[in-house]
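Subject: Handing over the structure

Hello,

Here is the structure I promised to pass on to you. Have a look at it first, and then read on for my notes on what turned up.

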Amino acid sequence: MKAYQSYRNLPPLAGLCTVEQAAAPGLSIDACVARLKRYHYAFKRLHQVFNTRITAEPVYELKMGFSLHAHLCAEHVDALRKRVGEMREPPLGLDVIPNDNLAIFFDEILAAPTTEELLTGIYDVAVPALREALQNHMAQTNLLADAPSVRLCRFALLEMEDMIRFGRQCLASLIDTEAANAMASWRRLLNDCLDAAGGLNGTQTPSGKLIARQHSAKPFRYNNVPRRDDRFPDPYNMGVNAEVFLYDESMPPDAKVLMMFYKRLREIDVPEMMASIIAETTGKPWAYYRDMTRQLWDEARHAMMGELGFASVGVDWPRNVMVNFTWSLGLNTQLTPIERHAVLYFIEQGLMPKNGKRYEWEVARKSHHPLSALFQDYDWADEVLHARIGRDWYLKEFKNAAEAVDYGDKCWSKVLMNWGHWREQGKTQHRNWWPDCYRDACQSAGTTPDARVLAYATTYEQVRADLKNVSASA
């Protein structure tokens, strides 16, 4: 074998590996599939953990990170399902829990009562264990025979490294020595779960240790009430109607850009709401959860576009922009999952006409603010995709598109926003924060505020975001 040479010393075997590596023993189909099923289970459970913790996690950066990582896990679940299906495995058996102790491992992380424990379980234990399993697969399988699996492992490892890097920075920033010591016994429990499961990939000798549940002793209950950190001091504030301003032809494009940055940053509430649909909808094909999680991640990206937009024009958004959670709060606590999806679909369809996303992009271009134009360009493209996702997974529940849209409109009208009641309760005064935001941007740009723009004071008390009047009941 050592004497074997390729033609004129060209890379052999399509560049996959050396001849010696390809001639080495590797994993059998059965052994390979057994491992792939464990990776599939791990990615699926991590997707569940990330998704179900988005809504009630108050820290904005963690909401965004969880949204991305849920999307990445959903994509890897999909890829692994396809690969297992290529390996003489009908039926696939991918809904079977591969090991009870592995199930306890992920149950414990899912039920972690604090953000610190959640981050530790995910980024200090689970993701590194999955990375090690993928690395071992590449080291132990035949790189030629199992090339399709190796490719999946390579791509997954790229994103596992990104997740671990993100997680390490979060752990270093949020967990001190005292907190780490307080959760040391629980962290040992997680390691005991893996040892009892024969490692994440199932190739080690199981320890035989009996595992006693701690956080997961009681069944996990999804928390659908959104929470925000202290940079969102007035989350019930509905004192500035962005849409009425945006579609007022008398208002200048540069000021409208600020309102679009607000609309983008306010989209934090879409992941908070979509996470509830995904968490509370069962029995769908995996493609449903993959597509919905992709949309959830896109909406998180849009929120970060708004965040960066405000930073680019010198607006201190935590102080001068009151980003609310009233939409996600109302939908999550007052509607069923299918009703929430109906509202989402109704809104998406309204974004497609000329006065929707195209209009926002045209406004951004007229403003001569290149970053806003770029963001709106991608935002528009994303929403076209989201409309397609809605057609694929929501529209099929109805006789026709008109019925589906009408149902979404009716569901949104059911949501009681309690505009006046929240003010009476002292939860908000619906302060008009717009003048402060606008002055901040003008001061940064060295321009004089326009008096007409400065005087804008329309609220959401009577007009909702699609410019329809709020009904008496809603």
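How many aromatic pairs does a search of the whole structure find? The search finds 24 of them. For an aromatic pair, the ring centres of Phe, Tyr or Trp (its six-membered ring) lie within 6.5 Å; planes under 30 degrees apart count as stacked, over 60 as edge-to-face and the rest as tilted.

Before the details, some notes on reading them. This is a predicted model, in which local features need pLDDT of at least 70 and side-chain atom pairs count only at pLDDT 80 or more, while totals for chains, interfaces and linings use all residues. Residues are numbered from 1 along each chain as its sequence is written, and side-chain values use heavy atoms, with hydrogens and water left out.

**Aromatic rings**

One of the pairs is Y60 with F232, which is tilted, at 6.2 Å centre to centre and 50 degrees between the planes. This pair links distant parts of the chain: Y60 is in helix α3 (residues 60–85), F232 is in the loop between α8 (184–196) and α9 (242–246), and 172 residues separate them. Helices here are DSSP runs of H or I with at least four residues, strands are runs of E with at least two, and both are numbered from the N terminus. Both Y60 and F232 are buried, where buried means under 20% relative accessible area, exposed means over 50% and partly exposed is in between (1.4 Å probe, protein chains only). F232 also has the charged end of R228 over its ring, 5.2 Å from the centre.

Y288 and Y289 form another pair, this one edge-to-face, with 5.0 Å centre to centre and 90 degrees between the planes. Y288 counts as buried because its relative accessibility is 2%, and Y289 is buried with a relative accessible area of 10%. K284 lies over the face of Y288, at 5.5 Å from the ring centre. (A charge sits over a ring if NZ of Lys or CZ of Arg is within 6 Å of the ring centre and within 35 degrees of the ring normal.) Elsewhere, ring pairs join F50, F66, Y123 and F166 into a cluster.

**Salt bridges**

Side chains of opposite charge can pair when their charged atoms come close. The whole structure has 39 salt bridges, each a side-chain nitrogen of Lys or Arg within 4 Å of a carboxyl oxygen of Asp or Glu.

D392 is partly exposed at 30% relative accessibility, and R388 is partly exposed with a relative accessible area of 30%. In the salt bridge between D316 and R319, the closest N and O atoms are 3.1 Å apart; D316 is partly exposed at 32%, whereas R319 is exposed at 52%.

**A pocket**

The second largest pocket has a volume of about 550 Å³. A pocket is found on a 1 Å grid over the protein atoms alone, as an open set of points where a 1.4 Å probe fits, with protein on both sides within 12 Å along at least five of seven lines; lining residues have an atom within 4 Å of a point. Grid points are joined across faces, edges and corners, and the volume is the space filled by probe spheres set on the points.

Of the 23 residues that line this pocket, K44, H47, Q48, W286 and Y289 lie nearest its centre. The elements that give two or more residues to the lining are α2 (29–54), α11 (269–280) and α12 (286–312), and α2 gives the most, with seven residues.

**Two backbone details**

H368, in the loop between α16 and α17, has a phi near 60 degrees, a positive value in a residue other than glycine. H368 is exposed, at 71% relative accessibility. N418 also has a positive phi, of about 55 degrees, although it is not a glycine; N418 is in the loop between α18 (401–414) and α19 (419–424).

Enjoy exploring!

Best wishes
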